[in-house]
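Student: I have not looked at this structure before. Please take me through it with questions and answers.

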Amino acid sequence: LIRNGQLEQGLKAIADPQTDVRILTLDNGGNDLLVLRMMGPCLLDPEGYLCQELVSKAKGGFAMTYPVILSALRWALAQDHGEEQFLVMTLYNPFGGTGSYLEGPVDRALLGKDLAVNCQANPYDPDLVGLNDLIWCLGTLAGAEVVDLYPLFGDNAPYLTHIMSGDIHPNDAGYAAIAQALRQVLEG
């Protein structure tokens with residue numbers, strides 16, 4: 001989001017006097033883990049020590065950059081006229097319900113070994129904190145509302161994504177489910 005210029009583009013769009021941003025959604029962090037799927041240690045043994053070290057480093061890097069992103073967006077929204085809602089989305093497991101050898105490791109990368117979002121978890125124990133913990137807890141601290149996509153997709157990834165053809169992204173039914181989840185949070 002930072003390196004490829006998307007954050008800068010978003011900040012410019014918010015600052016544009018011709019616009020009045022009312023809703024800002026942030027879906028960030030999936031690529032931090034996705035790249036690991038192609039790396040040797042995680043490709044060969046996603047539960048192994050070397051892969052878990054890479055996952056810990058990815059989560060640590062995300063924990064450093066996500067607050068920067070949240071802060072920049074929150075500041076830009078404060079400068080914009082009108083009322084805004086700021087929504088952050090947790091990540092779903094694209095392997096949920098597939099029986100893939102990646103399903104369990106991705107669950108733990110997203111939720112930590114307790115498999116639950118826990119804002120009280122020791123942030124210095126990388127096994128306890130997953131990306132969704134960071135998204136939820138840091139997002140809430142930044143004043144954002146959380147849209148929890150993880151349970152929405154659950155074991156339904158084969159029906160809500162293109163995972164069976166190798167693509168982790170949602171299909172039309174998945175995007176419709178995400179839109180409905182966003183709508184529910186927006187409408188309270």
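Student: How many aromatic pairs does the count come to?

Tutor: This is a predicted model, in which local features need pLDDT of at least 70 and side-chain atom pairs count only at pLDDT 80 or more, while totals for chains, interfaces and linings use all residues. Residues are numbered from 1 along each chain as its sequence is written, and side-chain values use heavy atoms, leaving out hydrogens and water. Rings of Phe, Tyr and Trp (its six-membered ring) pair if their centres lie within 6.5 Å; planes under 30 degrees apart count as stacked, over 60 as edge-to-face and the rest as tilted. By this rule the count is two aromatic pairs.

Student: What is the centre to centre value for Phe 62 and Tyr 66?

Tutor: Both residues lie in helix H4, four residues apart, about one turn of the helix; helices (H or I, at least four residues) and strands (E, at least two) are DSSP runs, numbered from the N terminus. Phe 62 and Tyr 66 are both buried, meaning under 20% relative accessible area, with exposed over 50% and partly exposed in between (1.4 Å probe, protein chains only). Their pair is stacked, with 25° between the planes and a centre to centre value of 4.6 Å.

Student: How many residues apart in sequence are the parts that Tyr 92 and Phe 153 tie together?

Tutor: Tyr 92 and Phe 153 form a stacked pair, 4.0 Å centre to centre with 10° between the planes. Both Tyr 92 and Phe 153 are buried. Tyr 92 lies in the loop between strand S2 (85–89) and H5, and Phe 153 in helix H7 (residues 150–153), so the parts tied together are apart in sequence by 61 residues.

Student: Are H1 and H4 roughly parallel or roughly antiparallel to each other?

Tutor: Helix H1 (residues 6–15) and helix H4 (residues 49–79) have axes 9 Å apart and pack at an angle of about 15°. Axes are lines fitted to C-alpha atoms, for helices over the stretch in contact, and angles run from 0 to 180 degrees between N-to-C directions. Angles under 35 degrees count as roughly parallel, over 145 as roughly antiparallel, 65 to 115 as roughly perpendicular and the rest as oblique. H1 and H4 are therefore roughly parallel.

Student: Which residues in H4 does H1 meet?

Tutor: Contact means heavy atoms within 4.5 Å. On the H1 side are Leu 7, Leu 11 and Ile 14. In H4 they meet Ile 69, Ala 72, Leu 73, Ala 76 and Leu 77.
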